[in-house]
Amino acid sequence: MKECMVRLIYCEMLGYESSFGYIHAIKLAQQGNLLEKRVGYLAVSLFLHENHELLLLLVNTVVKDLQSTNLVEVCMALTIVSQIFPREMIPAVLPLIEDKLQHSKEIIRRKAVQALYKFYLIAPNQVQHIHDKFRKALCDRDVGVMAASLHIYLQMVKENSSGYKDLTGSFVTILKQVVGGKLPIDFNYHSVPAPWLQIQLLRILGLLGKDDPRTSELMYDVLDESLRRAEINHNITYAILFECVQTIYTIHPKSELLEKAAKCIGKFVLSSKINLKYLGLKALTYVIQQDPNLALQHQMTIIECLDHPDPIIKRETLELLYRITNGQNVIVIVQKMLDYLKQSKEEYTIISLAGKIAELAEKYAPDNEWFIQTMNAVFSVGGDVVHPDIPNNFLRLLAEGFDDGKEDEQLRLYAVQSYLALLEEEDAFYPQKFLQVMSWVLGEYSSLVTDVDTEIILTRLHRLLKKTFVTPETKAWIMAAVTKIASRTSCSKTVDKLIQEFSTSLDTCMRQYAFELKHLCEDKVLMKSLLPFDASCNDIVVDASLSFLDGFVAEGLGHGAAPYKPHHQRQEEKLSQEKALNFEPYGLSFASSMSSSGFTGRQSPTGLSFGSDTSGNSAETGHKETNSLKLDGVRKLWGKEGYLPKKENKIGKEDEPLTVPCGSLLAGHVADPPVSQSDQVATLSEEEKEKQQLASTLFVGLGSNAGVSLMGKADMATQKFKRKSKINETQNTEETPDIQNSAALALGPLLDTLPSNKEGHEGDEHTRLRKASPCSSDTVEDNLAFEKPQSLKKPGLDNKLLHSSLSSSSLFADSNIEIFHPLPSAQCESANKTLLAPSLPGELAELPHSEVVELCQSDDLALHLCKVWTDDSLLLAVFVSNKNTSALNAVNLVFEKAEHFRILESPAYQFSVIEAQSVEHCQQCVQMDKICTQGILSGSINYQSEMETRLEFSITLSLLDFIRPMEMTTEDFGRLWLSLSNDVKQNLKMSSQDSFSAALNTLQQKLKLHIVDIIGNEGILACQLLSSVPCLLHCRIHAGMLALWFRSPCSALPDSLLYQCQKSQHSDLSELAS
Amino acid sequence: GCLRQQPGKIHFILLFSRQGKLRLQKWYTTLPEKEKKKITREIVQIILARNQKTSSFVDWKDLKLVYKRYASLYFCCAIEDQDNELLTLEVVHRYVELLDRYFGNVCELDIIFNFEKAYFILDEFIMGGEVQETSKKSAVKAIEDSDMLQETVEEYMNKPAF
């Protein structure tokens, strides 16, 4: 089998289909002996990818091997985990891997760190709690382990550099030791100590020191030393030097270091080795923006590289030039770039280069003529692969113009003239995007040209329409141009001919355009008003919410049509159905309000119709749309009167990605650069002279060394074509808030259907919730977030509020919140000295509570704990029993700060005196700050007997301690459900059909969920995480499976609850079912 | 593609012969099989067509290829544009050194006939596209250890059972 597997791997490498053997690879890893296992794991890592369904089958094997006593097996399991592991199964192995961090063998520790790094990359939330352990790994005595942890740190620092500034000192110290040769000689590579480690550290330091003078200060010394130490003439030292230079130029500058780094770059650039030269250019490109003088120092080298036979060097040089472009050298540099562009065939190069040329042209164009011709070159050479932003920006620039109206006119005029000249040629071929640009400009501005007959322009456009290489999309643009021009002429033979020709076209779109044109031509007044001259920038008022369609939608729904589901939601649902297990929270849905309408009857949790919400929904949708710019193109097509043809159409198109092929005839149209290079003079001296000349044109305006005092001029490179931000995106939002409000108001009457027992505040609370529900989930969260701090400040009042709106269930049916409030003053009630057996005081004993368990004990005293689950909090009742025969004075109880929990009031409590043989108790109210399924709250108690004594204890708190049932009506549920965005779905297996109610009961008892309603084989349940984060559950029984669907405003909550469900299912559901 | 961009990450490593035959491939980004084949074909062509005097780096799409020839074998890595090409060249060299140390004067045939071993060594040295700084000794030792263990197990298994 092992040999077969090796051969299979080989076959796959040769390109043969071998997926039939994947399952055997997994089996081999599972069942084989050590040797086979290793090959099995290897095959798995080569065959499968992260999301492969078979990968789940491997999890069990990995878990088993992680627990093995054989180190080799553990190693193999850790290796596979760090290579490929299903994200949703991380919780299954995480604790095992955490354990391995303490392993005595360094190789195991190293691999465990690697595995955790992998987890950090694919699911950062799940390893958040072990950041401390990363720190421990960083301090590991083994260099390998420490180096592995640096990968994690590099990534974390990259994401949030400010969070790790305190570690700068450690990184500097490590680097110092490495550079100073303090590592075991094993780690040397060509007598350079741990180069990869050094580079990793340099990168981290660069990120930490960026824009931070204080932190940078700490690293100057070690960077200086790194530069000095890297002397040996070997690639690896150059690689380190390169990183060093980058770091020095990234952090807060220090002139001394910069000088040294610059010298270093010189060594690279002047090297005769191509590889080093290339790296030198790259470094130069990186630093040149800060220090343009460096470019002057190396100008001759740069000129030489510009004609280097190796394309990568040429390109890097252009990249460098691109960074030093200013108003004075733009013509030469752009010419060089265009030359390169014309030679490139690779799509990616063309896209990026065309983008850069367009950017430079827009920024620094010396005059109109040059600008238009450069852009012509970009469009014709770049072809249809250029980024759609380029034609869009170009057109916008023409349309919006600058502050100087006269200048605008000239630019447009020149553009029209140049396009007319281009179109004159009969057989010319142009990319589609270019044609679209031309036709838009001609359509808008052709009337600026006075010396050309409109008839001629129309003929040229007409000719284009008949060309076969013109795509339908471009034809639409051309037709639009024709229409615009036609609106400005009284009558035109060409237009008539065109109408006639295309009225019978087989292309329906063209036929449509032709008919539209025909009708418009018949009503010139309408046509003129529809197509005003130069109004492309004027805003058009559009009813973006499409509210005129509401009636239609309502009618459709009334007839039983399924409500609209936005595309992303459909996809999401499809995805979530495909995935087996998902412990990861879904990202916030882009527009949860849209999800509100996203129900088909089958999935509706209550079976109720939400049709009554539609008008609100539609308004919501409209609101969303106006906020996002993407719909620019769409919304202008439709208005209250219906279809707004032509004119709007064109504006819409402007924002659309344009598609087009390629030609290269524009060469002649690009202005000749002042430096003519085409002189084919071969004599050396001539060539040198030429280069000198080129250099003077290229590096003009860079720094003071340029000979002439050009200092001031560099600043003159102001952006010529400054774009006016005239586009008005927020225009249409004006009316939407009203709609939203009225939607909320419309729900007002529903409030009357509230459950019984209400007090004064209660109504308010409900209104708030209700109001929030039709809005996006953000609003809901905001509301909740807003409530939280309040409730902390005045727990008495607010908890009551919360309670009345959100809680009480069968489990807590007998509870009465009036009995106990964790008022600030009542935070710790020392009371009831009973004898040594601790028991809850009367009022607490009536509440649901855990058994009294011992926390710790010494000769003098014992500590007991009882959890009391009140409706609005978790109370920890701590009993301190004095076992001595004498009283104990000043007993201090202190809880440590925990990551997930928070003690509501002061975390410390002092018993001033505990009488002999008696028990005192205090209560602490705890909240869960960060959601976790289980966490530890630790603390200590210290007291003075014969000597100062300190006892430590820890309390395990589970998520369920903080979950309370949430009472609500079915309608409330429905509305709340719609407003929530975080979904988690999961199917659990049940062994028999009839246990649905039993399963629900289990959920009710184990998870403290409140059963809101049961309809047939569907049930809805609700609970809340204290205080006030709701979580709703919809479950349905289907073919022996219990389909669970959680929703909550908090993404982690459904995951954790699901986990609890699964846990309880293992213990109970199956039991109950059988 | 990968979920997040990692600095210094190698996207894939290819080993191929002068005749363009693939000898080893390791992908650190998820791609469909078809895509991999296409990329491999394209890259092998690009690199074999390069002349010896040019640099060891090639622009390829938005990535850079870093390659080096050892005897009849080409080693090629794809890295991100802003990464350190020179360092990647040394990654290749280090890998060759490791192979050399394990096989003793490694040649193309060693890799053809023991290519699973070549993978094991690679996995010790590069994880998820990133170099693990380890001593050369410990990397090779890890492989040898498990080799030894496995061989003894194998011997044990092959012993007649009487």
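1. Aromatic cluster. A:F371, A:F379, A:F394, A:Y419, A:Y430 and A:F434 together make up one aromatic cluster. For pairing, the rings of Phe, Tyr and Trp (its six-membered ring) must have centres within 6.5 Å; planes under 30 degrees apart are called stacked, over 60 edge-to-face, and the rest tilted. By this rule, 29 aromatic pairs are counted over all chains. In the pair A:F379 and A:F394, the ring centres are 5.5 Å apart and the planes stand at 70 degrees, so the arrangement is edge-to-face.

2. Basis of the note. The structure is a predicted model, in which local features need pLDDT of at least 70 and side-chain atom pairs count only at pLDDT 80 or more, whereas totals for chains, interfaces and linings use all residues. Residues are numbered from 1 along each chain as its sequence is written, chains are lettered from A and ligands numbered from 1 in the order in which they are written, and side-chain values use heavy atoms, with hydrogens and water left out.

3. A:F379 belongs to helix α21 (residues 368–382) of chain A and A:F394 to helix α22 (residues 389–400) of chain A, so their pairing ties together parts that are 15 residues apart in sequence. Helices (H or I, at least four residues) and strands (E, at least two) are DSSP runs, numbered from the N terminus. A:F379 is classed as buried because its relative accessibility is 1%, and A:F394 is likewise buried, at 2%. The term buried means under 20% relative accessible area, exposed means over 50%, and partly exposed lies in between (1.4 Å probe, protein chains only).

4. A further edge-to-face pair. The rings of A:W440 and A:Y445 have centres 6.0 Å apart and planes at 80 degrees, so this pair is also edge-to-face. Both A:W440 and A:Y445 are buried.

5. Extent of the interface. Between the two chains, 69 residues of chain A are in contact (heavy atoms within 4.5 Å) with 65 residues of chain B. The area buried between chain A and chain B is about 6000 Å², and carbon and sulfur atoms give 56% of it. Buried area here is the accessible area (1.4 Å probe) that two parts lose on being put together, summed over both. A:M13, A:R38 and A:W196 supply 14% of the area that chain A buries against chain B, more than any other three residues.

6. Chain A and chain B share 5 salt bridges, a salt bridge being a side-chain nitrogen of Lys or Arg within 4 Å of a carboxyl oxygen of Asp or Glu. The side chains of A:K282 and B:E85 form a salt bridge, with an N to O distance of 2.8 Å. The side of chain A that touches chain B has 37 nonpolar, 17 polar and 15 charged residues. In this classification Ala, Val, Leu, Ile, Met, Phe, Trp, Tyr, Cys and Pro count as nonpolar, Asp, Glu, Lys and Arg as charged, and the others, Gly among them, as polar.

7. A serine in chain B. B:S55 sits in the loop between α1 (33–48) and β3 (57–60) of chain B. With a relative accessible area of 1%, B:S55 is buried. Leaving aside residues up to four places away in sequence, B:S55 touches A:I274, A:N275, A:D310, A:I312, B:R50 and B:Y67.

8. A buried lysine. A:K336 is part of helix α19 (residues 330–343) of chain A. Its relative accessible area is 10%, so A:K336 is buried. The C-alpha atoms of A:K336 and A:L306 are separated by 8.5 Å, the two residues being 30 residues apart along the chain.

9. Positive phi angles. A:D211, although not a glycine, has a positive phi of about 55 degrees. A:D211 occupies the loop between α11 (195–209) and α12 (213–229) of chain A and is exposed, at 66% relative accessibility. B:A71, also not a glycine, has a positive phi of about 50 degrees. This alanine, B:A71, lies in the loop between β4 (63–70) and β5 (73–80) of chain B, and B:A71 is exposed at 64% relative accessibility.

10. Overall make-up of the chains. Chain A has 45 helices and 19 strands, and buried residues form 57% of its 1074 residues. Chain B contains 5 helices and 7 strands, in the order β-β-α-β-β-β-α-α-α-β-β-α from the N terminus on. Of the 162 residues in chain B, 59% are buried.
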